[in-house]
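Okay, thanks everyone, I'll keep this short. Let me put the sequence and the model up, and then we'll walk through a few spots together.

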Amino acid sequence: MTEVVYEQSIIGNGNMLAVIGGKGELRYLFYPSKSFPQNIHSSLPGIYRRGNFSWLTDWGDIKQRYIAPGVLETVFRNGDASVKVTDFVLHSESVLIRRFEFSIPGEFNFIYYTSPQLWETHTADAAYFDERYGAVVDYKRGLTLVVSGDKIPNGYQIGQLGSGSDAFTDAYDGELNMNKLSIYEGFRGVNFALMWRLRDEETLTMYFVLDNSEEAALRELAKVKAMDCCVLGHSVADHWNNWVSKIKLSGVVNEDMVKQSAYVIKMLQDSGGAFIAAPTVWPDYRYCWPRDAAYSAMALDVLGYHDEAVKFINWAVKSQGENGAFYQRYYAEPGLKAPSWSFQIDETASVVLATYVHFKLTLDRQLLKNAWIMIRKATEYLAANVSDDGLTTPTVGPWEEHLGVHTYTNASVYAALSAASYLASEMGDRNRAVEWGRYASVIRSATLNQAWNGRFFAKMIKPKFNIPDSATLGLIFPFNMINVNDDRMKMNVDTIEKSFKYKAGGIGRNPEDKYYGGNPWIITTLWLAIYHKLAGNVDKAHELIKWASTHSTSTGMLPEQVDKDSGRPISAVPLAWSHAMYIIAEVINNDLFNKITPPPINSK
């Protein structure tokens with residue numbers, strides 16, 4: 001079985017997200033939203049030289065780094081040959097640019113191969129070679145991909161997968177058969193390749209343009225071809241450098257990692273305001289979970305990126321169900337439900353809490369007024385799902401493992417009702433403020449009494465599931481249900497820390513976790529760091545933060561999990577929630593905590 005390569009990096013703008021694999025391949029290309037569709041099956045460069053062909057992805061020495069936010073560099077070396085690729089997406093147009101700088105003695109043929117899958121399928125696609133632009137035009141049902149270089153190619157092949165015209169197999173002899181047109185037939189999708197004859201020190205810039213029509217895509221191609229590629233690259237770097245320059249911190253463990261985390265979360269926010277969980281198809285996380293997105297919005301909010309939080313809140317206003325709830329997950333487009341297998345009350349609670357955090361940070365009364373109906377409907381839904389004994393309707397918890405009344409979920413609903421009570425007071429709605437505060441008080445009492453088993457807070461209250469779970473750290477942040485110095489929380493943390501003894505270090509979700517075999521998670525390790533920071537154990541917090549940053553990829557992407565033995569990033573990379581928790585762990589202090597978490601309802 002071939003080992004899955006999890007290293008990958010992201011570049012993009014509001015509508016296009018390109019995912020470049022750790023071996024320099026174009027792995028995914030999302031457009032016109034960052035969740036759907038993913039339009040590339042495979043796309044990679046190759047070299048034919050001295051009678052031999054090789055894909056650059058097979059060269060043994062490959063190094064990758066961001067030379068600026070939004071600009072990725074991959075360097076390939078093989079013997080006396082080297083190739084440097086600079087990748088970026090224009091911040092104002094949906095154009096991916098890949099600039100190749102060759103240092104290869106003598107003559108060689110450069111072949112760039114692509115197997116597209118517009119609308120995430122090979123079915124019904126068609127492609128042709130346009131001699132005017134030296135470009136391949138691939139199109140299907142209102143979506144067009146144009147691929148071209150800044151030099152007219154010396155060869156091309158438009159073929160069908162698995163047939164005699166297959167462009168992938170055609171590449172291996174270094175020449176292409178010059179077939180101009182291919183249309184999907186049977187089970188055979190379209191693929192294509194372009195070839196250039198080069199020698200020694202040369203450069204070649206490639207353009208990947210996505211638009212809704214052939215005419216628009218070709219106009220955009222002509223426009224960018226007329227511009228200097230280096231100038232475009234500097235413009236993208238300046239744009240994103242200016243964006244991250246807002247971050248000015250002191251006393252943090254790794255300011256560069258905070259900036260990288262902000263950049264990643266920004267890249268994972270669609271133009272409509274949704275944050276996708278991760279740009280991955282396996283596991284399939286390219287959806288917006290409102291809970292994960294709420295943490296992302298809060299993380300950017302505390303760094304001063306309030307516009308991004310407003311966009312998310314406005315997305316939530318448009319996406320809310322008629323009953324006031326939010327689905328388990330969505331496509332990036334507002335209100336468009338993604339494939340789901342359950343419902344989670346904490347998704348709704350998280351949106352209310354993120355709106356509260358934004359208001360406390362900005363005192364933006366206009367935004368509060370605009371979001372008030374959403375807040376009211378969400379809070380009424382939450383209150384309707386609380387029984388007289390203070391327990392919520394059974395649902396799957398944040399890890400989506402078991403059906404029941406989860407301690408984390410109960411605490412999230414408490415925090416949302418407490419936050420909504422405060423916001424109702426700000427809106428002058430005294431009756432709702434009192435009513436929601438009463439619900440919150442009942443939930444808080446029930447949760448702390450019934451989840452506590454004398455040693456730790458149980459994962460689930462009903463049915464009782466008496467195992468420790470790192471999600472119970474949420475009772476401190478962001479829910480502020482219990483004081484950080486409460487002896488019960490100290491005992492809970494001690495139990496959690498003793499429950500995980502991984503070779504790679506870090507903290508897992510719970511001792512019975514089976515997902516990917518059970519591993520340390522970035523989220524949970526940083527949750528523990530947040531607790532220790534608030535408890536005054538700063539050195540311990542910094543140790544955990546350093547662990548997280550050192551287990552990022554070579555380009556600073558934080559994964560969902562780390563292999564418990566090897567320490568290698570696994571599962572989804574990069575995960576927005578991981579980067580959000582990194583930011584919060586770095587910047588949290590008692591003043592910020594007191595400002596953004598809802599006050600314990602019984603202290604009012």
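So, in which strand is Leu145 found? Leu145 is in strand β12, residues 143-149. Before going on: this is a predicted model, so local features need pLDDT of at least 70 and side-chain atom pairs count only at pLDDT 80 or more, while totals for chains, interfaces and linings use all residues. Residues are numbered from 1 along each chain as its sequence is written, and side-chain values use heavy atoms, with hydrogens and water left out. Helices (H or I, at least four residues) and strands (E, at least two) are DSSP runs, numbered from the N terminus.

Back to Leu145. It's buried, at 1% relative accessible area; buried means under 20%, exposed over 50%, and partly exposed in between, with a 1.4 Å probe and protein chains only. Setting aside neighbours within four places in sequence, Leu145 has contacts that include Ile40, Pro116, Val136 and Phe208, where contact means heavy atoms within 4.5 Å.

Now helix α6, residues 306-319. Seen down the axis of α6, the buried residues fall within an arc of 155 degrees, so they line one face. That arc is taken over the directions from the helix axis to the C-beta atoms. Among those buried residues are Phe312, Ile313 and Trp315, and the buried set packs against α3, α4, α5, α7 and α8. Turned away from the buried side, you get the exposed Asp307 and Lys318.

What about disulfides? The count comes to zero, taking a disulfide as a pair of cysteine sulfur atoms within 2.5 Å. For Cys230, the closest cysteine sulfur is in Cys229, 5.5 Å away, which is too far for a bond. Cys230 is partly exposed at 40%, whereas Cys288 is buried at 0%.

Last stop, the open sheet: three strands, in the order β16-β17-β18, with antiparallel pairing. Strands pair if DSSP finds at least two bridges between them. β16 (395-396) and β18 (460-462) are at the edges with a single partner strand each, so one side of each has no neighbour in the sheet. Helix α9, residues 407-426, packs on this sheet, touching β16, β17 and β18. In β17, Val405 stands opposite Lys462 of β18. That's my tour, thanks.

Key: Axes fitted to C-alpha atoms, helices over the stretch in contact; angles between N-to-C directions.
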